[in-house]
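Consider the structure below together with its sequence. The text then walks through a helix, a nonpolar core and a strand residue.

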Amino acid sequence: TRLFSPSPPSLPCRSIHIVALGNEGDAFHQDNRPSGLIRTYLGRSPLVSGDESSLLLNATSTVARPVFTEYQASAFGNVKLVVHDCPVWDIFDSDWYTSRNLIGGADIIVIKYNVNDKFSFHEVKDNYIPVIKRALNSVPVIIAAVGTRQNEELPCTCPLCTSDRGSCVSTTEGIQLAKELGATYLELHSLDDFYIGKYFGGVLEYFMIQALNQKTSEKMKKRKMSNSFHGIRPPQLEQPEKMPVLKAEASHYNADLNNLLFCCQCVDVVFYNPDLKEVAEAHKIVLCAVSHVFMLLFNVKSPADIQDSSIIRTTQDLFAINRDPAFPGASQESPGNPPLRVIVKDALFCSCLSDILRFIYSGAFQWEELEEDIRKKLKDSGDVSNVIEKVKCILKTPGKLTKARGGPGPHSFSAVESSFHLANSFTAFNCLRNCKTYQARKPLWFYNTSLKFFLNKPMLADVVFEIQGTTVPAHRAVLVARCEVMAAMFNGNYMEAKSVLIPVYGVSKETFLSFLEYLYTDSCCPAGIFQAMCLLICAEMYQVSRLQHICELFIITQLQSMPSRELASMNLDIVDLLKKAKFHHSDCLSTWLLHFIATNYLIFSQKPEFQDLSVEERSFVEKHRWPSNMYLKQLAEYRKYIHSRKCRCLVM
């Protein structure tokens, strides 16, 4: 009798996949070893049918290129038995993809080894068992220890006996390995009829029956699920179409203000060397935004406001304003609003002034490049240090010291008054502020800078906008640098080029101030969707494309974050928003809004403004609507079927 009495499977036409791994042969008796464990079982088991020649389908494998040997037979009369036997563990290194697929698809795994080959056992335990363990998926595992140990006498404590005993795999080691895998452990002293047919065969056939019953149960569940509604299944709701992706335009704030230095537009200050030769042209608003020295020089602040003797002394030692009408070149200047003439007293500083201005206009963060440019012009190291210290004094915040080395210190500027943002976009600014690597290479004072201090302030203002009965002062240099329409307006043959007071129509004061805030700071934060749409219209009027993209992204983000209940109850007219976006050439936003209406069809189709869609827009929405009309029809039919008498419980 067998150790187990398997019952035949309940359903025919099944298959069982067995993967056998390991070499059960004795390394010391390779010539006289019997046939392998799996092949011996297939040949002697009464439940397995198949002649000897048909069992071995792949017998061309060699040691140089080991592969899985495949056996096929029939068990229980009509169950297909497929066995993949791998006697060489190196297959995992040479063809791990095939090995992983076979292990993943196995119903039973057999791991076999010889008890007298301890080296191979530890190699399998340390290298391959962890890999097999990760690939297992609730598959039963049988560990078969084959062979008779060569030292079965009582253990001895002498070194020789300890050495001999260490060459065999003990029962404890095999049981421990079985516990790690959750496997069944067997010891087969020989490959005879008892150990193969009754012992190993009984355990293997038990797991074969378990695998067949599990497959039968899974098939019955699937069949029951498929027949539960007599072939009528609930409709599957498809996923809505992906919304169009709106890519934000990269910031060109830094480039705009850098180009202002070279285009020579709206220049209101000219620097001269001690010999009264023109050196460079600049703009008061930019220089005052960077330095309290220039604020003091151009009377934006008084010495009482500064209260820092070092800044006052630097201003007096470096610069002097010349208002002499007989100054050389004065006759060629515009008599209406001539640029202010500033003489640079320090000849060495004056020779590097163009590089210093380029450093300021390009963002004032390329400190290493400025030092390198100064060293190239001034060969003497003492002169270089002298000029660099003067630059640090110009960038100093009142009452705070600058670093001795490495450029301006982390608090060289105040966060409110003396700030000048010459960086990338506001988003990039936030990312860079959190980057320690960037902070290690760039002066930290730069991150708190912006032109916002001069926004809507009369200081240095040279143009005034009249909006809704109120006035808004501004600075031509910033407007020309940031807006091409205003650059053409102030430099062309237009009335605005010679007028100080400029009326603005069709825009509210709040919207125009938000527009100026973007020009000055490269950032904006609308209060809501309506204000963002008004700002988008203003940006389209002045052809500031990046501000249009920012407003589009704001509107899209706000609408996407609204839950369905809020969309159904809100008073915002989405169709009117769509028409405004189309009228003002906001193609990205109008396309997105059409998809948004189609995706939320059940909400917006109930609103009165839905009827205001054009024929073309209505056709697009109906084509891309979600959920689709076909799904709603199928759902109605399914609900009708479920509530009919055919599907009611007969007991209840």
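The paragraphs that follow begin with the basis of the model and then turn to its parts.

This is a predicted model, in which local features need pLDDT of at least 70, side-chain atom pairs count only at pLDDT 80 or more, and totals for chains, interfaces and linings use all residues. Residues are numbered from 1 along each chain as its sequence is written, and side-chain values use heavy atoms, with hydrogens and water left out.

V384, V387, I388, K390, V391, K392 and I394 of α17 are buried (under 20% relative accessible area, 1.4 Å probe, protein chains only). The cover over the buried residues of α17 includes α13 (309-318), β10 (319-322) and α16 (367-377).

The largest nonpolar core has 114 residues, of which F271, F319, F465 and F515 touch the most other members. Such a core is a set of buried Ala, Val, Leu, Ile, Met, Phe, Trp, Tyr and Cys residues joined through side-chain atoms within 4.5 Å. Leaving aside neighbours within four places in sequence, F319 is in contact (heavy atoms within 4.5 Å) with residues including F271, V293, F349 and I394.

Strand β10 also holds N322. Why does N322 count as buried? N322 counts as buried because its relative accessibility is 19%. A polar atom of the N322 side chain lies 3.0 Å from the backbone nitrogen of D324. Not counting residues up to four places away in sequence, N322 touches F327, R341 and I343.

Definitions and conventions. Buried < 20%, exposed > 50% of the residue type's maximum accessible area, 1.4 Å probe, protein only. Helix = DSSP H or I, 4+ residues; strand = E, 2+ residues; numbered from the N terminus. Polar contact = N/O pair within 3.5 Å; in protein donor to acceptor, adjacent residues only side chain to side chain.
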